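Subject: Two-chain model for you to look at

Hi,

Here is the structure I promised to pass on. Please open it alongside this note, and I will walk you through what turned up.

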Amino acid sequence: MLTAVLVMALGALVLGAALGYAAVRFRVEGDPLVEKIDAILPQTQCGQCGFPGCKPYAQAIAKGEADINQCPPGGEEGIRKLADLLGREVKPLSAEHGVEKAKSLAVIDENLCIGCTLCIQACPVDAIVGAAKQMHTIIAAQCTGCELCVPPCPVNCIDMQPIAETVETWKWKYPVVDIRPATARAA
Amino acid sequence: MPQDPHTMTSYLFIVLGAVLVNNVVFVRILGLCPFMGVSKKLETAFGMGAATTFVLTMACGASFIIDRWLLAPNHLEYLRTLSFIVTIAAIVQLTELIIQKTSPLLHQVLGIYLPLITTNCAVLGVPLLNVGLKHNFVESLLFGFGSAVGFTFALILFAGIRERMEGADVPQHFRGTAIALITAGLMSLAFMGFAGLDKYK
């Protein structure tokens, strides 16, 4: 019995050590810039930027194929952080990709839901639970507020409700100070 | 020793026997899940076959060493299945890490098939058969390699047939997996024609 345990432990130890060594020795460096850009993006996976999610958008920015002002959920603050990271000019949000809205949460009116599963298919983060002809509901903690579930709903039972600012959701707002040009004062 | 013509012939027969006579898929009926799952397209069949060949040969060598030097001296033969499967999983993981680093192209070709091999029962079955057939180290490696080549062979043949079957007018109730299983059965019958070929040694 003891030998069996020892032999298995020895085997596990050797294999574990080999795998651990290989993980360090053969580590593949991903593009670190993509990771950094992806960390700034809001991870709503809403697709408003024209890419299928936040990671593809981050890759496109890193390659220089996309501009930094295409992310409405990230808003002004997101663009500012991206500009800081990439050393580019801050520019206003591109209008064709949407407008910045208060962060909100999708809520299904469960009395109206007919259980068609269309919103489940649309949700990019699997935050909607339910089955065919069963009432659906949204897992609030998973919902990114991307609004992709709103248009497919045939009975319009999904509402976007803005998240009220609480101690948990409050974020420090970047202080914006208008700098007047020197000529304005001289005049 | 390997220069001895009798040894060489017996090695040849081990490979031939594993590829044709005792084909893992058609005769031993092992590894049917990847056989059915990955044989829809010829390219994926190639990828899966290549990955399996590499892993199975490695697994046969490693499991022989473990069985001969670790389990048998301690009379722990009952731990074979457990220790073999752990070793195979580790080898698959190790292979993936190394391939990803050294050859990104190959990694892209093999892709998801590498991790899938862990659950291929042929990869566990062949090392266990090796023990049962009392093969030595070289024979174990050759048997593993031959079995994997046989697996690849079966996969590629079957993928070719399935690609042709896409366009065939199959009766409605036989479409899909049903006709695939019937075809596999017919191919299995055809492989019975090789029976006895390895008895000449």
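The contact between the two chains draws 13 residues from chain A and 14 residues from chain B. On the chain A side, the residues that touch chain B split into 11 nonpolar and 2 polar, with no charged residue among them. Please keep in mind that this is a predicted model. For the complex, the predictor reports an ipTM of 0.71 and a pTM of 0.60.

Confidence along chain B comes next. The average pLDDT of chain B is 86, and 95% of the residues score at least 70. The lowest confidence in chain B falls in helix H5 (residues 104-110), with a mean of 71, while helix H8 (residues 137-165) of chain B has the highest, at 92.

Now to chain A and its fold. Chain A holds 6 helices and 4 strands, and along the sequence they come in the order α-α-α-α-β-α-β-β-β-α. Chain A has 187 residues, of which 19% count as buried. If you take the contacts in chain A between residues at least 6 apart in sequence, 58% of them join residues at least 24 apart.

One helix pair in chain A may interest you. Two packed helices are described by the angle between their axes and the distance between the axes. For helix H2 (residues 32-40) and helix H3 (residues 54-63) of chain A, the axes come within 8 Å and cross at roughly 125°. An angle of that kind lies between the 115 degrees that ends the roughly perpendicular range and the 145 above which helices count as roughly antiparallel, so H2(A) is oblique to H3(A). The crossing of H2(A) past H3(A) is right-handed. Which residues of H2(A) and H3(A) meet? From H2(A) they are A:Leu33, A:Val34, A:Ile37 and A:Asp38, and from H3(A) they are A:Cys54, A:Lys55, A:Ala58, A:Gln59, A:Ile61 and A:Ala62. By type, the residues of this contact of H2(A) with H3(A) comprise 7 nonpolar, 1 polar and 2 charged.

Two backbone angles are also worth a look. Most residues other than glycine have a negative phi. A:Thr117, which is not a glycine, has a positive phi of about 65°. You will find A:Thr117 in the loop of chain A between strand E1 (104-108) and helix H5 (118-122). Is A:Thr117 buried, exposed or partly exposed? A:Thr117 has 16 C-beta neighbours inside 10 Å, so it counts as partly exposed.

In chain B, B:Lys134 has a positive phi near 55°, and this residue is not a glycine either. B:Lys134 sits in the loop between helix H7 (121-132) and H8 of chain B. Because B:Lys134 has 8 other C-beta atoms within 10 Å, it is exposed.

Last, a residue in helix H7 of chain B: B:Cys121. With 15 C-beta neighbours inside 10 Å, B:Cys121 counts as partly exposed. Leaving aside residues up to four places away in sequence, B:Cys121 touches B:Leu30 and B:Gly31. B:Cys121 and B:Ile85 are 36 residues apart along the chain, and their C-alpha atoms are separated by 9.7 Å.

Happy to go over any of this with you.

Best wishes

Methods
Residues are numbered from 1 along each chain as its sequence is written. Chains are lettered from A and ligands numbered from 1 in the order in which they are written. This is a predicted model: local features need pLDDT of at least 70, side-chain atom pairs count only at pLDDT 80 or more; totals for chains, interfaces and linings use all residues. Axes are lines fitted to C-alpha atoms, for helices over the stretch in contact, and angles run from 0 to 180 degrees between N-to-C directions. Helices (H or I, at least four residues) and strands (E, at least two) are DSSP runs, numbered from the N terminus. Angles under 35 degrees count as roughly parallel, over 145 as roughly antiparallel, 65 to 115 as roughly perpendicular and the rest as oblique. A crossing is left-handed if the near helix is turned anticlockwise from the far one by less than a right angle, and right-handed if clockwise. Two residues are in contact if their C-beta atoms, placed from the backbone, lie within 7 Å. Ala, Val, Leu, Ile, Met, Phe, Trp, Tyr, Cys and Pro count as nonpolar, Asp, Glu, Lys and Arg as charged, and the others, Gly among them, as polar. pLDDT is the predictor's confidence in each residue, from 0 to 100. A residue is buried if 20 or more other C-beta atoms lie within 10 Å of its own, exposed if 12 or fewer, and partly exposed in between; C-beta atoms are placed from the backbone.
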